[in-house]
Amino acid sequence: MEWDVIIVGGGPAGLAAAKYSSKLGLKTLLFEAHSDIRAWKPCGEGVSKETFQTAGIEPKQGIVSNELNMRVYSPSGKYVEIPLHGYAINKDMFLQEMAKEALKAGAEFRVAERVERVLKEGHKVVGVRTAKGEEFKAKVVIGADGYNSVVAKSAGLDNSTELIPVYQYRMVGVDLDSYNTGRIYVGSMAPGGYAWIFPKGEDIANVGIGVRPGAPKVYLDKFIKNRPELFKNAKIMGAGGAAVPIGGLAKEYIGNGVILLGDAAGMVIPFTGAGIHSSIAAGKVVSEVIKEAIEKGDLSAESLSEFNKRYEPWIKRINDSLKAMRVFERIGDNELNQLAEVLDYEDVINLANGINLRKVAMKLMKHPVLAARVAKALL
Ligand SMILES: Cc1cc2nc3c(=O)[nH]c(=O)nc-3n(C[C@H](O)[C@H](O)[C@H](O)COP(=O)(O)OP(=O)(O)OC[C@H]3O[C@@H](n4cnc5c(N)ncnc54)[C@H](O)[C@@H]3O)c2cc1C
């Protein structure tokens, strides 16, 4: 039996691809190495409201832990308040809701089955082989198997991009003035990255950090120790580390009969490290591209490259956010403090998401110090 699509990985990217492919009538099989669909990797669990629209699921209570505005703190402690109206989600439930919809639409899942490598005929990927030694044929294989993608390696795709190591605690008893406010801290306490506190309810929060270079756990422990007012009653309930691809799109993510999505392809907004929405959007777009490629009978890399045209708005956001991140990683605490005086919340959103960089740059051009260091680099 030949499947239309085999998807490796049951994270946001793979589940979105499974849902939308099966809705389009494609015979879809998804492999997940773990025994269940869950958020096995640590995650801040902060998403925009639009993420639900793209995923096509309702922001029901349970899937949503609470609504989130955001504050971005400069090293001096001054913050920009962002009325973002995002959500802190329960990622386990979010993923399971997407899985339910994919299964109801006709997709088949094989959980607790790790894919070992892709199968090739000449230069074309034609299926996968599992760690149990079984082989499955497909017209297209989607590698949604994260930044350590075995699909990329075995298909011969160079999916390298810069990774940032991150570490996160789930903490109980964090003393926050509002559990509807997520907090982001930038500056030398998190070199090349940032620290975050995303509340998940009245007395529970995800508290994490990403740093370049260095050991994120060491920086996270220091961050917590230096804020006794927030953490004096807090205890650690869970802990974990991972990496986030923040170097922009991978060098290669499309081959003959194969395409990588999500973290496997560097489809993460570099400045924020947020990859849930962009991964889901990629899963949706790729389903339409594959459907048309199958109808044309052409699953070559060239034909699948239609993905790049349809995913262009996200590619631009990723590229522009990377550009902004590269500027900001070179500036010190003093300049960050000055920026906090000048920027309003719309500027901060634009910078983080790689939107309207020119507008932000023009505003900074009027500042005596920031004009040369930041504004010109953004232009
Ligand atoms: C600490 C941390 C905090 C984060 N916070 C946020 C946040 O607040 N908001 C946000 O938007 N993003 C956040 N991110 C990023 C986000 O989690 C990822 O970008 C997103 O999960 C990527 O989805 P994905 O489907 O590409 O990959 P993953 O979520 O990595 O899913 C890959 C799946 O593939 C499976 N798999 C891997 N190999 C195989 C194999 N060989 N065979 C079968 N299955 C396999 C894995 O078990 C996993 O289920 C965070 C990341 C980290 C590490």
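Modeller: A crossing of two helices is called left-handed if the near helix is turned anticlockwise from the far one by less than a right angle, and right-handed if it is turned clockwise. Please keep in mind that this is a predicted model.

Biologist: What is the hand of the crossing of α1 and α7?

Modeller: The crossing of α1 and α7 is right-handed. Their axes cross at roughly 35° and come within 7 Å. In general, two packed helices are described by the angle between their axes and the distance between the axes.

Biologist: Which residues make the contact?

Modeller: On the side of α1 they are Pro12, Ala13, Ala16, Ala17, Tyr20 and Ser21. On the side of α7, they include Ile276, Ser279, Ile280 and Gly283. By class, the contact has ten nonpolar, four polar and one charged residues.

Biologist: Why is Glu45 called buried?

Modeller: A residue is buried if 20 or more other C-beta atoms lie within 10 Å of its own. Glu45 has 22 other C-beta atoms within 10 Å, and therefore it is buried. Glu45 lies in the loop between β2 and β3, and its phi is near 70°, a positive value in a residue other than glycine.

Biologist: Is Ala112 buried or exposed?

Modeller: Ala112 has 11 of them, so it is exposed. Ala112 is found in the loop between β6 (108-111) and β7 (115-121). Its phi is also positive, at about 55°, although Ala112 is not a glycine.

Biologist: What is the form of the peptide bond from Arg212 to Pro213?

Modeller: That bond is cis, with omega near -15°. Pro213 lies in the loop between β13 (204-210) and α5 (216-225).

Biologist: Which residues come nearest to the ligand?

Modeller: There are 40 residues around the ligand, and Gly9, Gly11, Gly44, Gly262 and Gly275 come nearest. By class, the shell has 19 nonpolar, 15 polar and six charged residues.

Biologist: Which elements and domains supply the shell around the ligand?

Modeller: Among the elements that each supply at least two residues are α1 (12-23), β10 (163-172), β14 (235-245) and α7 (276-296). Domain 1 (2-43 + 92-161 + 247-319) and domain 2 (67-84 + 163-245) each provide at least three residues of the shell.

Notes. Residues are numbered from 1 along each chain as its sequence is written. This is a predicted model: local features need pLDDT of at least 70, side-chain atom pairs count only at pLDDT 80 or more; totals for chains, interfaces and linings use all residues. A residue is near a molecule or strand if its C-beta atom, placed from the backbone, lies within 6 Å of it. Helices (H or I, at least four residues) and strands (E, at least two) are DSSP runs, numbered from the N terminus. Ala, Val, Leu, Ile, Met, Phe, Trp, Tyr, Cys and Pro count as nonpolar, Asp, Glu, Lys and Arg as charged, and the others, Gly among them, as polar. Domain bounds come from an automatic or database domain assignment. Axes are lines fitted to C-alpha atoms, for helices over the stretch in contact, and angles run from 0 to 180 degrees between N-to-C directions. Two residues are in contact if their C-beta atoms, placed from the backbone, lie within 7 Å. A residue is buried if 20 or more other C-beta atoms lie within 10 Å of its own, exposed if 12 or fewer, and partly exposed in between; C-beta atoms are placed from the backbone.
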